[in-house]
Amino acid sequence: MPELSLEEEEEAKIQKEKAKRVDVLHFSSTKLCGRDNESATLLDACKQILNTNECASSAYDEAASVFSETSSANSFEGLRKTVLVTGCAGVGKSELVRRVVRPWVIKDLSGYFVQVKFDQLQQSSPFSAFRSAFGDLCEMIAARGDGTVSKISKSILSSVGGATGTVSEIVPNLVKIIGSQPPDSTEVTGYERQKRFDYVIRKFVSAISLPEHPVVIFLDDLQWADEASLRLMHNLVKQSSALIVGSYREDEVLPDSYLGKMLRMITETDVFKIRVLPLDIGAVEKMVSYGLRMSRRLIQPLADVVLQKTDGNTFFIVELLVSIYNEGLLQYDSKRQLWKWDLDELHTRKIQDDLVDLFMAKINHLDADDRAILTLAACIGSNFSESTLRTLCDAAMPNSDGITACNSTGRPASSITEVDCYKDQGKFKMLLNSLTGVNVKEIIMKLDREGLIIRTGL
């Protein structure tokens, strides 16, 4: 049984501390509200693809859309290891996959769960998301000890032969698994180079994804994937032993984009497709009840308002509750040991119905230094070392205190409280989870127009 990662241990500590308090909102890192059918459907699909013996439930036939096999003339023939999760921004697609598939793969199958998070601002950098994810995969393998490393190293070297240099292009820290290797024996260019690249990467993934420890690759936000990454996805699905789970926003896929064409091509293949819809009133009641630790009967009036204001969007539900809590519209009555709220005030309150406007309002509440730090962090991406951010802050903001030191819990001491910072194998990752579903480019343009972005020479 694999041990908890540092991230999971830290999250468990945080939740344990929160559980001791009754005057804070509780949003579980493991509990999903109103997603029983989708969870069972997703797990059943993954189990069927990996040919495991158990099925989570018979909910699959009711909740999933299963496409028939494609004809041999279809260039996407062979897409039989894919689960696609669709829905609008903020509805909870990524959380569904992470909370259902990840623990099953890691704990029950002793496998590897790798998330490829596509970035809207990194579309001009082919394979950037895969490079990061495969790097994490190498770290996971190395963390399992010399026995696992030795076995997988032999499997990789046996599969890719003298083409380890090709793999190293997209997996730079592969050296941690196979050690230093000589460059590829032959140099090829153009189409032949692309063919070899596709072949070698498929072999690399298949060498790691074995029955005793399968690999699940979660391709998140496919609507922002570059064409090269989508072609690699297709090749991995077609001829590797890994299970591919993808998520995308249906309303943001352009018909003429490569993904749009790809999705049209696979509408008649046996790809498992799961659509995640907004929560209904019953699920919203459960979510609010759990967050406030009060009975559904008592919170029903509040849940009705929350549903009316958010249309059942999971992201907006959390943001609304946190917002009214921070502004004193949702308060804990210690004498009665209950939460209280003013329904009339909530009914008249204007709720941002657009993610960009919502985060514009949140960013506007930050001071100049914090906005500058967020701007610099966004330029790097969602995953970076603390030293990198400090270097940029020192160069771009020489007269500022820059980022403050993290305390012993790994949480930032600055006022950017929405940014969760944790240590993972000696590396700081900035989880901008609250930016899920946001059109980053539109935010940057609005900030720029209002003069809220600090120009630097970096």
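I began with Trp339, which is buried at a relative accessible area of 4%. The model is a predicted one, and I read every value below with that in mind.

**Entry: Trp339 and its partner**

I looked up the ring next to Trp339 and found Tyr332. The two ring centres lie 5.5 Å apart with the planes at 70 degrees, so I noted the pair as edge-to-face. Tyr332 has 23% relative accessibility and counts as partly exposed, whereas Trp339 is buried.

I then checked backbone angles. Gln337 is not a glycine, yet its phi is positive, about 55 degrees. I placed Gln337 in the loop between β7 (330–333) and β8 (338–341).

I found Arg293 in the loop between α12 (281–292) and α13 (296–310). At a relative accessible area of 46%, Arg293 is partly exposed.

**Entry: aromatic pairs**

How many aromatic pairs does the structure hold? I noted seven. One of them joins Phe118 and Phe130, edge-to-face, at 6.2 Å centre to centre and 75 degrees between the planes. This pair links distant parts of the chain: Phe118 sits in the loop between β3 (112–117) and α5 (128–143), Phe130 in helix α5, and they are twelve residues apart. I recorded both Phe118 and Phe130 as buried. I also noted that Phe118 and Phe130 belong to one aromatic cluster with Phe134 and Phe204.

**Entry: α5 against α9**

Which residues of α5 and α9 meet? From α5, I listed Phe134, Leu137 and Ile141; from α9, Ile201, Phe204, Val205 and Ile208. Helix α9 covers residues 190–208, and it packs with α5 at an angle of about 30 degrees, the axes being 12 Å apart. Angles under 35 degrees count as roughly parallel, and α5 and α9 are therefore roughly parallel to each other.

**Entry: a charge over a ring**

Last, I looked at Tyr112. Arg144 lies over the face of this ring, at 4.1 Å from the ring centre.

Notes
Residues numbered from 1 in each chain as written. Predicted model: local features only at pLDDT ≥ 70, side-chain atom pairs only at ≥ 80, totals over all residues. Heavy atoms only, no water. Phe/Tyr/Trp six-rings, centres within 6.5 Å; stacked < 30°, edge-to-face > 60°. Helix = DSSP H or I, 4+ residues; strand = E, 2+ residues; numbered from the N terminus. Buried < 20%, exposed > 50% of the residue type's maximum accessible area, 1.4 Å probe, protein only. Lys NZ or Arg CZ within 6 Å of the ring centre and 35° of its normal. Axes fitted to C-alpha atoms, helices over the stretch in contact; angles between N-to-C directions. Parallel < 35°, antiparallel > 145°, perpendicular 65-115°, else oblique. Contact = heavy atoms within 4.5 Å.
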